[in-house]
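Reader: I have a chain to look over. Could you take me through it?

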Amino acid sequence: MDYRRVRAEVRRYQADMHVRQRRVTLLHRALRDAEAERDRSVAGFVAFGEQHEGARDAVSRRAIGRQLGVTHPAVNAMVERARTRSRGPAALAPLVPVLGADEAREYVQSGALGDIARVLVAMYPGDILLESGLDPSAFANGTDIDVPNMLIQSADGAAIGVEDCLAGYGGTGPSNTVRLLEELGFPVDLAREVYDYRFVELAPDRVLRSGDAAHQVGGGLELSSDGQHFIARVRSQRTYLPGGDLTAAHTVAAWCSEVMDEPERYPWAAGERRARVYLDRNAAASLNNDDPHRIASNRYSVVIEQGRLQLWVSAYFPYNFADLLSTEQLHALDAAGMRPEGIEPRTWLDRFLPRRRERPPFILISEDGQDLTHSPEGVARG
């Protein structure tokens, strides 16, 4: 038996299955948005009839039901949903279709995308996420933000993602990229840039940019279970990004300098910067229960929020009651420029301070004195 051929077939079927699942997700999303628009239209029509006596017969719910081919109670349900349904990030950012290389070639050559303006290819999906300029919810796949390593954008802003096409080494992924780019009419010398660099931005006739990773944050976003904000779990980790191993504080600093300090470029992360620092393990339980990388000594105890972005930062809880914040928590706040006034690193005298009052479950830090806009919660993972 030719095991290499079998493995290749398995990979092909897996990629094909994943592409079709993304298509199903896209269709479900489009159907949900269309139903929401229908409900709002019906509710608006009903409201018009209630305000204008001459239109009441045509705008009665029974008349609407006959026109739509549904029952009177179904129209009542549409109106009720429209009154309680809000537009979330999904309605603001249509899903980017993610296709296989062959399907992407056919799609582009058919003229469906339009003229290609630029192509982004990277080893790290986080570079595609941030360099695309798109809202992260455009890459939502359930509660995951599933960003492809290759993105093709047209002159009018449309985009498609491509599976199994990467950059940064001399293997199968970059070879897939080179083959697709050549089939789309890119000169071979431009296409082969993806072998040498971990991030490449191409126009049809020239290299716009190439080099190592474009960003230090690494991506890794999730969509909250209510679909209203994004979560980045920040842990100390070994990384192949320039600079070697990263502490949680280093990653927080990268998110702040590269994303949160650039509100015009990333409007989804624009707003007041706030933090909630947990002092009690039980109070932070909802942050840690659903962590897929759950490690007992690596628990989330700091939440830094700006706009629709939340950083859940792994930091040790204070060991002693006299220590208001742990050293790791202070480092995370320092990295975000949010160290509270009057809190100094602990000294040996702190051990002798008396317990004067009950310890709060968490403290809030913000310029406006307000709590987080989006309540931290466990992410429902399917």
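Reader: In which sense do S1 and strand S6 pair, and over how many bridges?

Author: S1 and strand S6 (residues 159-162) pair in the parallel sense, over two bridges. Strands are DSSP runs (E, at least two residues) numbered from the N terminus, and two of them pair if DSSP finds at least two bridges between them. Leu 99 stands opposite Val 162 in S6.

Reader: What are the ground rules for the model and the numbering?

Author: This is a predicted model, where local features need pLDDT of at least 70, side-chain atom pairs count only at pLDDT 80 or more, and totals for chains, interfaces and linings use all residues. Residues are numbered from 1 along each chain as its sequence is written, and side-chain values use heavy atoms, with hydrogens and water left out.

Reader: What is the strand order in the open sheet?

Author: The six strands run S1-S6-S5-S2-S7-S8, with mixed pairing.

Reader: Why is one side of S1 and of S8 left without a neighbour?

Author: Strand S1 (98-99) and strand S8 (206-211) stand at the edges with a single partner strand each, so one side of each has no neighbour in the sheet.

Reader: Is Cys 165 buried or exposed?

Author: Cys 165 counts as buried because its relative accessibility is 1%. Buried means under 20% relative accessible area, exposed over 50%, partly exposed in between (1.4 Å probe, protein chains only). Cys 256, at 3%, also counts as buried.

Reader: And what share of the chain is buried?

Author: Buried residues make up 45% of the 382 residues.

Terms used:
Helices (H or I, at least four residues) and strands (E, at least two) are DSSP runs, numbered from the N terminus.
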